[in-house]
Amino acid sequence: MRLNHWCKNLRLAAFIAAIFAHGPLFAESVKSAYDLVRGTAKASKELNYRGVFTYEFRGTLRSIKVVHLVRDGQSYEHIVHMDGAGHEIVRRGDDVGCTRPAEMLLLGTEFAADNSPRLDDLYSFYIRGNARIAGRMAYMVEIRPKDKLRYGYVVAIDKLNGLMLQSMLISQSGKPLERFQYVDISFPGELDNIQIPEQLVNSQQAPGCLESSEAVDASASKWQPTWLPSGFVLSDIKIDSSTGDESWMYTDGLALFSVFIDSAEKSRRFPPVDAKLGTTVAVLSKVTVGEQHYAICVVGEIPDATARQIAASISPRASTIEGAVQAIK
Amino acid sequence: MSDSKERLAESVSALMDGETSEIELHRILKEVGIDQDQQIDSSDSVRGIWQRYHMVSASMAGEPVDKIDLSASIAVAIDAEDTHRQNPVTRFASLAGRFAIAASVAMVAVLGVQQLNSPDPASADALQFAEMDIDASQQNTGPALQFPEGFQPNAPVRTVSAGGSVKTSQPPVSVVQVRPVNSMNFSEKQLRGYMDDIMLRHSNNAALNSNRGMLPFARITKSEAASSQE
């Protein structure tokens, strides 16, 4: 009798062990999904590669050829749109040592003294098995947001060098909204002979690299948002003091949105609108301070509702209002 | 006697005649158990009814009537039997076993549901991209002053992925939707140009600030780029 009991329990134990040993669920989590995603920032900055990728959204397909080269700590990028008018960009990329806020947030480095949530507080990361993309083996990683304020992603990360080979933006209902995917990619060797134009070597990289881990200074701005989706941090700000135009960029490490404040005459005639191009939404709203009209536009790859809420929350600082009142007097 | 008790008494009577169904028998036994737990020991309890009926039937058959309760001693005898005595170790093991089954079923359910909910990255998404087109066009039927999202087809070309309404060789244009408000003096073209310009400024910023390498550059196209240089 008792032996029978033990046999039953033994069978149970075997069953449980079988569940735990079931391959893709646990076996591959040696390197965590979050670590894989973190690794992509470094890989995309430091690797030499040449490839063609496709960008697909709303039944439209674009193909883009890119070359990314790193020489003496400086990076160079060459981007050619293969379809349509054939738009081409040759530019100096970020130096290997350059860190931008988005990267700090992705890596989870201490940044912007306030206790903003870390990336893994905002998203859940799961490894969803393997795939073969552009002839290379890759891990599929799902990045699922923990709230409704942002989109999720499914990305494919090269097993050997950690480069992101595919990236899909996933709506809250689980549908893909857009997809980037390499169809062909090759790494060093043949890239060593490429000559970089002198002019490009001596050019400047785009401003905005962080010199310390301090938050981006927004004190010069005349405006401030009273509500932001959690985890989003100001990563770039440009203020044109002559026109009063401002441009801000926020990121949570994965998603990005911009806020443009235009006092330009040209935007004055326009009514408030919602616009959408592919996955990019734009919410234009109008604010009048004193006698000055402003157009406030929130643009980004974020859900419409989030964009609208941000746009509604942007208001002039107290000093801006006082200034306007005095101007009228 | 309440209605249900009366029915129960009927069942007991049927039981004694050997005419109960399996379900009725179980109901009676359950009632006996409940009565015992609640320590109801009046003549009203099922047990009491049962005993009374036996006495009645015995007296009618001319047998001597005596109220001897053997149940307690039988229960003691059953408890004393080896099969029913519970060893604490085996009891723990069987409990743990049951718990393990429940836990593993729960885990399978949780993992299974997660995987069901998540989009399957390996599957071909062409279909879903095509569906999205339909969604997009449905979403944009609405308020006044809305611009059509596509152009007239000017080339008899169908691309492979063109599952939706945009079957042209021209680049997609932004869907601009005016929120109803008092009319202002503006032209559609200017507004579209302004919105395209804003989106381009965003794409440029995003390409510089994102972690996704060169992928965001795909959003920037020539026509849009030209307008930004003005």
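**A walk through chains A and B**

Read from the N terminus, the elements of chain B follow the order α-α-α-α-α-α-β-α-α. That makes eight helices and one strand. Here helices are DSSP runs of H or I with at least four residues, strands are runs of E with at least two, and both are numbered from the N terminus. The model is predicted: local features need pLDDT of at least 70, side-chain atom pairs count only at pLDDT 80 or more, and totals for chains, interfaces and linings use all residues. Residues are numbered from 1 along each chain as its sequence is written, chains are lettered from A and ligands numbered from 1 in the order in which they are written, and side-chain values use heavy atoms, with hydrogens and water left out.

Stay with chain B. Buried residues make up 31% of its 230 residues. Buried means a relative accessible area under 20%, exposed means over 50%, and partly exposed lies in between (1.4 Å probe, protein chains only). The accessible surface of chain B is about 14,700 Å², and carbon and sulfur atoms account for 57% of it. Such areas come from the Shrake-Rupley method with a 1.4 Å probe; for residues, only the protein chains shown count as cover. Now take contacts, meaning heavy atoms within 4.5 Å. Of those in chain B between residues at least 6 apart in sequence, 39% join residues at least 24 apart.

One helix pair in chain B is worth a look. Helix α2 (residues 22-37) packs on helix α3 (residues 46-60) at about 120°, with the axes 8 Å apart. Therefore α2(B) is oblique to α3(B). From α2(B), the contact uses Ile28(B), Glu31(B), Val32(B), Asp35(B) and Gln36(B); from α3(B), it uses Val46(B), Arg47(B) and Trp50(B). The axes are lines fitted to C-alpha atoms, for helices over the stretch in contact, and angles run from 0 to 180 degrees between N-to-C directions. Under 35 degrees counts as roughly parallel, over 145 as roughly antiparallel, 65 to 115 as roughly perpendicular, and the rest as oblique.

Turn to chain A. It has nine helices and 17 strands. Buried residues make up 53% of its 329 residues. Chain A exposes about 15,100 Å², with 53% supplied by carbon and sulfur atoms. Among its contacts between residues at least 6 apart in sequence, 51% join residues at least 24 apart.

How far can chain A be trusted? Its average pLDDT, the predictor's confidence in each residue from 0 to 100, is 81, and 82% of the residues score at least 70. Residues 23-29 of chain A stay under 50; the model gives them 11 contacts beyond four places in sequence. Where pLDDT is low, the predicted coordinates should not be read in detail.

Next comes helix α3 of chain A. Ala33(A) lies in this helix. At 7% relative accessibility, Ala33(A) is buried. Beyond its neighbours within four places in sequence, Ala33(A) contacts Phe125(A), Tyr126(A), Ile127(A) and Val141(A). Its C-alpha atom is 8.6 Å from that of Ile143(A), 110 residues away along the chain.

Side chains of opposite charge can pair when their charged atoms come close. A salt bridge puts a side-chain nitrogen of Lys or Arg within 4 Å of a carboxyl oxygen of Asp or Glu. The structure holds 16 of them over all chains. Asp35(A) and Arg38(A) form one, at 3.2 Å from N to O. They are about one helical turn apart, because three residues separate their positions in helix α3 (residues 33-46) of chain A. Asp35(A) is partly exposed at 32%, and Arg38(A) is partly exposed at 26%.

Lys45(A) pairs with Glu103(A) at 3.0 Å, N to O. This pair links distant parts of the chain, 58 residues apart: Lys45(A) in helix α3 and Glu103(A) in helix α4 (residues 101-107). Lys45(A) and Glu103(A) are both buried. Elsewhere, Arg128(A), Glu142(A) and Arg144(A) are linked in a salt-bridge network.

Finish with two backbone details. Most residues other than glycine have a negative phi. Asp72(A) has a positive phi, near 50°. It sits in the loop between β2 (60-71) and β3 (74-81) of chain A, and is exposed at 79% relative accessibility. Ala134(A) also has a positive phi, about 50°. Its place is the loop between β5 (123-133) and β6 (136-145) of chain A.
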